[in-house]
Amino acid sequence: MNDRTALVTGANKGIGKHIAGQLAAEGFTVYVGSRDVGRGQRAVEQIDGDARLLVLDVTDTHSITEAAAQVDRLDVLVNNAGISVSLTPPTESDVEEFRRTYETNVFAVVEVTNAFLPALRRSPHPRIVNISSGTGSVTWSTNPNPQFTPGNGGAAAYRSSKAALNALTVFYAQTLAEEGFKVNALAPGLRATELNPLATTAGGDPADAARGAVRLTLLPDEGPTGGFFSWDGTPVPW
């Protein structure tokens, strides 16, 4: 009997919705995390398989606590919810933009992950996937790479938040390794989502990125942990 369960945050649209759909196709019971009830329910209805709405605002402690109380066991957590407020460099950004971005992209990941750790610890093969960005790679930001043109400081709040998320990925992987967890980060590439205007107009198919995330959720026990991978499975330098 297949009783695997997964939670995808920010799963009512974009890459998250595709991840939820692909996990459902793999036989998972998928909790579609969405702070908007209507959008979340519509996403659930559009997914073939066992998809269930889980009302979850990742920036609200009470919402996180209530959501975690509804999930007894969890095999997979995909921290997908994220925002990109603007594409401005640090010289044109204010501190509030950084605070707002980090609240969703960094602090929320810590709070959500910790809230669902008891459920994940009940799984024989717990997996955590953090949806990061290739633009959060310091190495890629200063060198030629396969995902974007380096050499500018645009989207500073977003990109630095993803660099912080990458560090958290390593720290969680190190902390949870002896418990059998696999914790990895994904660089999904620029996708046609509502993340920001650039993504909306120039992005590729979000389903391709989702396949990369699902691959990491299905890692065997001998698979990597504490890694950063592109959507196609190749390693990304920090």
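A residue counts as buried when its relative accessible area is under 20%, and as exposed when that area is over 50%. The model shown is predicted. With these cut-offs, helix 2, which spans residues 37–46, has Gly-40, Ala-43 and Val-44 as buried residues. These residues lie on the same side of helix 2, because the arc they cover around the axis is only 100 degrees. The face turned away from that buried side carries Glu-45 and Gln-46, which are exposed. The cover over the buried residues of helix 2 includes helix 1 (14–25), together with strand 2 (29–34) and strand 3 (51–55). At the N-terminal end, helix 2 is capped by Asp-36, which places a side-chain oxygen 3.1 Å from the backbone nitrogen of Gly-38.

Two loop residues on either side of helix 5 come next. Ser-137 sits in the loop that runs between strand 5 (127–131) and helix 5. Its relative accessible area is 0%, so Ser-137 is buried. From there, the Ser-137 side chain reaches the backbone nitrogen of Trp-140 at 3.0 Å. Leaving aside residues up to four places away in sequence, Ser-137 touches Asn-166, Phe-228, Val-236, Pro-237 and Trp-238.

Ala-155 belongs to the loop between helix 5 (138–141) and helix 6 (156–176). Most residues other than glycine have a negative phi. Ala-155 is not a glycine, yet its phi is positive, at about 55 degrees. Ala-155 also counts as buried, because its relative accessibility is 9%, where the cut-off is under 20%.

How many cavities of 30 Å³ or more does a search of the whole structure find? The search finds one. The volume of the largest cavity is about 40 Å³. Lining the largest cavity are Thr-9, Val-58, Asn-79, Asn-80, Ala-81, Thr-104, Ala-108, Val-109 and Val-112. Helix 4 (residues 95–120) supplies the largest share of this lining, with four residues.

How values were computed. Residues are numbered from 1 along each chain as its sequence is written. This is a predicted model: local features need pLDDT of at least 70, side-chain atom pairs count only at pLDDT 80 or more; totals for chains, interfaces and linings use all residues. Side-chain values use heavy atoms; hydrogens and water are left out. Buried means under 20% relative accessible area, exposed over 50%, partly exposed in between (1.4 Å probe, protein chains only). The arc is that of the directions from the helix axis to the C-beta atoms. Contact means heavy atoms within 4.5 Å. A polar contact is a pair of N or O atoms within 3.5 Å; within protein, one must be able to donate a hydrogen and the other to accept it, and residues adjacent in sequence count only if both atoms are side-chain atoms. On a 1 Å grid over the protein atoms alone, a cavity is a set of points where a 1.4 Å probe fits but cannot get out, and a pocket is an open set with protein on both sides within 12 Å along at least five of seven lines; lining residues have an atom within 4 Å of a point. Grid points are joined across faces, edges and corners, and a volume is the space filled by probe spheres set on the points.
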